[in-house]
Structure formats: structure tokens, C-alpha cells
Amino acid sequence: MSKNNIDIEKTLELEKARQQLENRLQGGMKSYLVSLELPDDDPVEIQESLVELGALVRTLGDDCVGVTVQKKVKPIPATYIGLGKAEEIKKACELLKFDYVTFDQELSPTQVRNLENLIGKPILDRTGVILQIFRKNARSKEARTQVEIAHLEYIAPRLSNAWITWERQRGGGGSGGRLKGAGETQIEIDRRRMKDKIASLRKDLEKIQKERETQRKNRADEWNVVLVGYTNAGKTTLMNALTESHLSAKDSLFETLDSSIRRIRGVNNMNILVTDTVGFIRNLPHGLVASFRSTLEETSKADLLLHIVDITHKSYKDHIKVTDEVLVQVGASDVPRIIVFNKIDKVVGEPRLPKILARGYPRSICLSSYKEEDIKRFREMIVNFLAQNMVEEVFHVSYGDSKMLSLIYSHTRVLESNWTQDEGIFKVRMSKSIFQRYFAPVKSEEEQEWQVKSN
């Protein structure tokens with residue numbers, strides 16, 4: 001067999017393995033984990049991130065059969081890791097019989113292709129694993145649409161070069177028997193189809209978002225409380241306890257992708273709705289944040305955020321930081337929040353921990369989702385917080401006051417709006433801190449102007 005035929009056969013085998021990994025319906029595969037440690041990296045954080053990557057792989061139903069970390073001054077542009085390390089991984093494949101390699105960092109399309117050619121196995125990076133989990137767990141039409149957009153945008157530049165071994169398509173014979181010029185390659189056709197598919201999915205998502213906005217307006221007179229936090233922090237379990245619901249809650253990463261809304265039970269004279277949201281994770285893919293922006297915008301429209309933290313996790317401080325960063329990305333950094341240190345019942349031998357946490361995080365509570373007295377105390381805390389820390393105001397805004405309109409839509413929840421011939425009248429709800437920061441100076445200026453006119 002000629003060298004060219006051998007190369008084509010290897011390319012086709014790799015393409016088949018890649019398609020199997022991409023389109024499988026269940027787990028059972030074996031993965032080998034790889035990470036790169038740079039001079040400024042903390043070795044402990046590298047190990048913790050690898051442990052989390054292993055948990056992500058197991059969430060797919062696969063096994064982790066090996067792991068390696070390479071220390072380098074900087075990544076190799078073409079292959080990310082060194083050629084020697086790539087050869088070492090290839091030999092490990094022969095010994096451990098793994099199906100694919102998973103990198104803890106995000107790789108460029110060129111790096112993926114070069115590594116696959118060197119190692120002879122499909123390559124996934126951290127983003128690719130998270131996307132596969134999202135595709136597996138997405139249930140609602142909105143979640144499936146959001147995930148599919150992110151997935152297509154991710155794989156489009158990573159389409160394999162398996163098709164380049166064939167000539168370009170050619171048109172039929174022209175006048176004089178001459179052939180027309182070269183047509184599209186198969187890979188170009190696939191990318192064009194993906195682009196069209198993404199455009200179609202975005203239109204579908206826009207329709208869903210309009211429906212969501214209509215539903216949100218219909219709930220304008222009710223208090224909106226949103227659960228946020230790191231994946232597997234126990235948000236859905238806590239929501240079930242708060243609202244006496246029975247949503248699916250499992251001890252696995254990204255079990256919840258679909259926003260669910262339920263009413264809090266056991267509170268008088270207050271209509272409080274609780275929304276569950278997708279969990280966050282370190283290095284959350286930008287494509288997913290963008291695709292899920294419409295869902296995550298629920299956080300920016302909330303009256304109160306309940307930031308759920310798994311206090312049993314040794315990296316809980318990092319989890320708090322990651323969640324805060326994502327909230328900044330989606331414009332929810334100014335929304336009032338209570339930090340909820342969950343699973344306190346699993347902490348043994350630390351009786352002073354709740355007091356220590358209360359000093360470090362003044363607006364917080366420690367609880368167990370399984371203790372009725374804790375849930376009752378938490379409900380009371382939510383009601384008292386909303387009653388004491390939120391204000392409702394009515395603003396009269398002229399048509400030309402774009403600054404005021406921007407402040408209203410950016411920092412308040414609009415309960416009612418009505419435009420007359422001369423002005424817009426807005427009934428809004430916001431926290432007292434937001435009112436003092438953005439709107440109290442405006443009222444003071446108006447009052448001063450009125451006093452000057454009176455004099």
C-alpha cells in the first residue's frame with residue numbers, strides 16, 4: 001500500500017472516531033487528561049482544575065484512565081504542548097487504549113488538528129467537554145436551541161480536513177468541451193450549511209426570547225428572586241425545599257440547564273417567584289455565556305439574587321469569585337444578593353464556622369436544604385430583606401432625557417410604563433442602594449431646581 005493510501009486510511013479512521021465521539025448517545029468511552037503548567041500558574045489550582053475536568057468527563061459517562069501535566073515556559077503555537085509530550089501521549093494510548101484526549105485549557109482549531117494528526121486520537125478541550133454535557137442535558141426548546149448555537153459556532157472552525165484528500169467538485173462541461181472552474185470543497189459546503197443553520201436557530205431563539213419577555217411583563221407585580229451559583233452547589237435542591245416542588249436534582253455537574261420558575265410557599269401577603277438557573281464553572285465557554293445570555297438576563301432583572309455556595313467544597317472561595325465574574329458579564333453585578341452557604345450539615349467538627357462566615361460575609365446565611373427549620377428561617381430572611389431593602393418609585397421622564405431612560409432600564413425593574421403626549425411615566429422597583437447611587441442625586445437636583453423657580 002502506498003504512503004498516500006496509508007495517510008488517507010489514517011485520516012478516515014480519525015474522522016470516524018471523531019464523528020463517533022461527537023454524535024454518540026451514551027458514555028462508556030475512555031479519556032486521557034492533559035494540562036499545561038506555566039511559570040505563573042499555581043500547581044494546586046492546576047490539580048484542582050484537573051479534578052474538576054475529570055468530574056466533567058465522568059458526567060458524560062466516561063472514564064479517566066490517565067493524566068499528565070507538562071511544565072513549559074509558554075505554550076507551543078502549533079501544538080500547545082511539546083512534540084515530545086505528544087509522542088508520550090501517543091505511546092500511552094497504545095498501552096491504556098483510551099478513545100480520546102481531553103485538554104484542560106481551550107485549544108485553537110489548528111492546535112486540535114495538529115495534535116490529532118500527531119496522537120491519532122480525537123482531541124477535546126475543556127470547552128468541548130462542557131458543550132457535550134450541555135447537549136446531553138438540555139431539555140427545553142430554548143435550552144436545546146441555545147446549546148446548538150454554541151455547539152455549531154464551536155465546531156465550525158474545527159471541521160476536519162478529511163475532505164481535502166479529494167479534488168474540488170467541478171461543474172459540468174462548458175462550451176467547447178472545457179470544464180468549468182473548481183467548485184466548493186466539501187468542508188466549505190459544510191461550513192456554509194452550518195452558517196445557515198446558526199442563522200435559522202438565532203431567529204428561533206429570538207421568538208422564544210420575545211415570549212419570555214412577555215411572560216416577564218405579566219409577572220411584573222410579583223417579586224422575582226433568582227438562584228445563582230457554581231454548578232452542583234445544590235440550587236435545585238434548595239429551590240425544591242423553598243417552593244415545595246419536585247424538580248430533578250442530582251449530584252452531578254450541569255444537571256439543570258432549563259430555567260424553572262416556582263412560587264415560594266409559606267409567606268403571607270407577598271407574591272415571591274423563585275427562578276432556578278444554569279450553574280457556572282471556571283472558564284465557562286464564552287460561546288455558552290453568549291448563547292445563554294437571554295436566560296442569564298433573568299439575573300439582571302431580579303429583585304434579589306440568592307448566591308448558593310457549596311460550603312463543603314475546599315475551593316468555595318474560588319467558586320464565589322467565578323460566579324461574581326459571570327454576573328458582571330451579564331450585567332447583574334448591582335443586583336442585591338444574599339450568599340447562601342449550603343450543605344452546612346455535612347461539615348463536621350467546625351461548630352464556629354457559621355460565625356466565621358458571618359463575619360466575612362455579612363449578608364449571608366448557613367443552612368441545610370434538608371432541615372425544615374433552616375428553610376423556614378431562610379424564607380423569613382428573604383421576606384424581611386425584600387421588605388426592608390427594596391423601594392418603589394414613579395418617575396416622569398421627558399422624551400429627550402435619554403440619560404434617565406438608560407438609568408431606568410439598566411438599574412431598575414420596570415413594573416409599569418405609560419407614554420403620554422409629553423412624557424413617559426415609569427413605576428419601578430429597585431434596591432435602596434441602587435436608588436441612593438443613581439436616582440437620589442437626580443431627585444435632589446429636581447427639588448433644587450423647583451426651589452429656585454419658587455423663589
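Colleague: Leaving aside its neighbours within four places in sequence, which residues is leucine 305 in contact with?
Modeller: This is a predicted model, in which local features need pLDDT of at least 70 and side-chain atom pairs count only at pLDDT 80 or more, while totals for chains, interfaces and linings use all residues. Residues are numbered from 1 along each chain as its sequence is written, and side-chain values use heavy atoms, with hydrogens and water left out. With contact taken as heavy atoms within 4.5 Å, leucine 305 touches Val226, Val228, Thr299, Leu327, Ala332, Val335, Pro336, Arg337 and Ile338.

Colleague: In β9, which residue is the bridge partner of isoleucine 308?
Modeller: Strands are DSSP runs of E, at least two residues, and two of them pair if DSSP finds at least two bridges between them. Strand β8 (residues 304–310) pairs with β9 (residues 337–342) in the parallel sense over six bridges. Within β9, isoleucine 308 is bridged to valine 340.

Colleague: Which strands stand at the edges of the sheet?
Modeller: The sheet is open, with mixed pairing and six strands in the order β6-β7-β5-β8-β9-β10. Two strands have a single partner each, so one side of each is left without a neighbour in the sheet: β6 (260–263) and β10 (364–366).

Terms used:
Helix = DSSP H or I, 4+ residues; strand = E, 2+ residues; numbered from the N terminus.
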